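Me: I have a structure open and would like to go through some parts of it with you. Could you help me read it?

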Amino acid sequence: MSGGGPPRKRNFKIEAFKNRVELDPKYAERTWKVLEHAIHEIYNHNASGLSFEELYRSAYNMVLHKYGEKLYDGLQSTMTWRLKEISKSIEAAQGGLFLEELNAKWMDHNKALQMIRDILMYMDRTYVPTSHRTPVHELGLNLWRDHIIRSPMIHSRLVNTLLDLIKGERMGEVINRGLMRSITKMLMDLGPAVYQDDFEKLFLDVSASFYSVESQEFIECCDCGNYLKKAERRLNEEMERVSHYLDAGSEAKITSVVEKEMIANHMHRLVHMENSGLVNMLVDDRYEDLGRMYSLFRRVPDGLSTIRDVMTSYLRETGKQLVMDPESLKDPVEFVQRLLNEKDKHDKIISVAFGNDKTFQNALNSSFEYFINLNNRSPEFISLYVDDKLRKGLKGATEEDVEVIMDKVMMLFRYLQEKDVFEKYYKQHLAKRLLSGKTVSDDAERSMIVKLKTECGYQFTSKLEGMFTDMKTSQDTMQDFYAKKSEELGDGPTLDVHILTTGSWPTQPSPPCNLPTEILTVCEKFRAYYLGTHNGRRLTWQTNMGTADIKATFGKGQKHELNVSTYQMCVLMLFNNADGLTYKDIERDTEIPASDLKRCLQSLACVKGKNVLRKEPMSKDISEDDTFYFNDKFTSKLVKVKIGTVVAQKESEPEKQETRQRVEEDRKPQIEAAIVRIMKSRRVLDHNSIVAEVTKQLQARFLPNPVVIKKRIESLIEREFLERDKVDRKLYRYLA
């Protein structure tokens, strides 16, 4: 029993051996023999009878007693001998058993290597680093590489077997992918350089030859669509092959080989292939084939630019044919509709097949801009298309439908270089719609103006907005006129006046015609009222733009209400006092300009179902020798009969020239203003720079002609806004 005090502390001391330990001279040899026997037993699958603890201690002692070199060299020579024996058994394997034997021996070698490494762990940690020798595991791999993989009898047989199996799989044979995976993994485990130098380089060379031959066969017998399907399938097969039994690093290399041999080398032939190339795909809307071409070609250098260039030249050529085709010019609405259809078609192709690629969208836009501006009537036709839609084409359409159509038109409008010409026509067409009350929807009209304003700024649409303001003001004025003057007017004709601000409306001065007395009286009363309420204004009657509703009684007391133009009304009212009148009589009594009078009489006498007058001799055209009579026998199922004026939808050539002249005149002050703005800020500038700057500033509205810019500069020099430099005549100075 111990007492209650603290335990006594004991001191231990380790003393050195008093006598030096003498090792048995045969110790190292004996110990190595034990270890060597153990290594052979491991390779012979008899490791279960070994004591790994004793073996580890033996190896430990050998290293401890400075026999590390003997141990390492013994290991190396033993493993070398074993591997040479293994190589003989692998070499002896016949046919398909070759790879299986190789793989089985590799598995055995790996297991043996792990056990040997565990036994020699102490040597690995101490002797190997200090002696700069290769670690045990790595040594085992290197020996396997040198004596098995690179053995003259195995190396070429191994590579050829692998390549033959891959070729067989390409030809549709089923191979043992698991075994292939093990073999290629073995090559990778021996080091990436072994995989690459001993297998991959050859694999890529053989693949290039295979695909070079196959692509040549395919291109001779397939159309473009089928060829691309085969190329895509081959590409997917190679990627799948890599994922199953090759190293992941091979994917980029083998796909690059397939891309080069199957796509890059035949790119131009494919896109231009007769009856099935890119153009045929575009024409036939073959979205799937186009999508496949896009995804394959994007993998190779210059692939997409090749598709883009062919598409652009095709678009420009077909677009040019479309806009220059004399047949399509006969119907402006159909002309624009065809342009919109082409745009929709190719927009869909770019969206569905080309993944909305911006570079393709830009190519499409530049192509449209190119060919739309080849025809100088495009601005007029686009305006006529809008006019058609806003008159009748959008009846029953929802707001969304209207927006879609207007947005499409705006897309075409953006392509126009001469936006000011479009504005000129749009103003004329809008004026006719507003004055005749023919617009489908005010909201649609305003929506279109908002879009134009967003695109081109306030200046572009200020006059168009002014036209709407005038219509509203006129309505209020007429209400006030009738409120104040209704007693004075009595039962006379009802007058509805649109007061148009000069400058906002596209009115041309036209000589006033002789109005019937009944109408003239009311007009004079309105003039007196208007000038009485607005000081300093002038009123000019635009009789060429008005309409009238008149009641007429025909034979057998049949009554109709005729909706006619002001000119037609003036002509018809003459027949209240005469049964027949010659062309000369009518021209003298009405003073309507000859061209308008002929169109007016043509619509009254020559249009079937609207012929309230008859003419002698009967013919489609009006001549100055014709005589006109009131047509007693006129009948119609309708009470209200609208008699339109025979008028060309498009402008005639003289009218076109006149409009073009007006546009050119309107451009002059804009060009001059741009020159002055530029020179004010720059003070001194050379001629070419002025031309470039003016073009840049004005291209949103139109592309100014350099010759016109030069003339405007001359004009500004004459008016002393600018002067030429005394020394350099190409330099201009701004005069404040």
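**A helix, a sheet and a domain boundary**

Reply: Gladly. Just after helix α21, G437 takes a positive phi of about 65°. Please keep in mind that this is a predicted model.

Me: Which residues make up α21, and how far apart are its end C-alpha atoms?

Reply: Helix α21 covers residues 419–436, and its end C-alpha atoms are 26 Å apart. At 1.5 Å a residue, its 18 residues should span 26 Å, so the two values agree.

Me: How many of the residues in α21 are buried?

Reply: The helix is mostly covered, with 16 of its 18 residues buried.

Me: Let us change topic to the strands. Which strands pair with β9?

Reply: Strand β7, residues 684–686, pairs with β9 in the antiparallel sense over three bridges. Strand β8, residues 722–724, also runs antiparallel to β9 and is joined to it by three bridges.

Me: What are the bridge partners of Y732?

Reply: Y732 in β9 is the bridge partner of L685. R724 also stands opposite Y732.

Me: And which side chains of β9 are buried?

Reply: Along β9, residues 731–734, the side chains alternate.

Me: Now the overall layout. What domains is the chain divided into?

Reply: The division gives domain 1 (25–148), domain 2 (152–301), domain 3 (305–469), domain 4 (470–533), domain 5 (547–642) and domain 6 (653–734).

Me: How much area is buried between domain 3 and domain 4?

Reply: About 880 Å² is buried between domain 3 and domain 4, and carbon and sulfur atoms give 62% of that area. In domain 3, L435, M467 and T469 lose the most area to domain 4, together 49% of what that side buries.

Me: How many residues are in contact there, and how many salt bridges are counted?

Reply: 10 residues of domain 3 are in contact with 10 residues of domain 4. The count of salt bridges between domain 3 and domain 4 is zero. The centres of these two domains, taken over C-alpha atoms, are separated by 37 Å.

Me: One last point: where does N265 lie?

Reply: N265 lies in the loop between α12 (250–263) and α13 (267–271). N265 has a relative accessible area of 43%, so it counts as partly exposed, the class between 20% and 50%. N265 and S212 are 53 residues apart in sequence, and their C-alpha atoms are 8.9 Å apart in space.

Conventions: Residues are numbered from 1 along each chain as its sequence is written. This is a predicted model: local features need pLDDT of at least 70, side-chain atom pairs count only at pLDDT 80 or more; totals for chains, interfaces and linings use all residues. Side-chain values use heavy atoms; hydrogens and water are left out. Helices (H or I, at least four residues) and strands (E, at least two) are DSSP runs, numbered from the N terminus. The expected span of a helix is 1.5 Å times one less than its number of residues. Buried means under 20% relative accessible area, exposed over 50%, partly exposed in between (1.4 Å probe, protein chains only). Two strands pair if DSSP finds at least two bridges between them. Domain bounds come from an automatic or database domain assignment. Contact means heavy atoms within 4.5 Å. Buried area is the accessible area (1.4 Å probe) that two parts lose on being put together, summed over both. A salt bridge is a side-chain nitrogen of Lys or Arg within 4 Å of a carboxyl oxygen of Asp or Glu.
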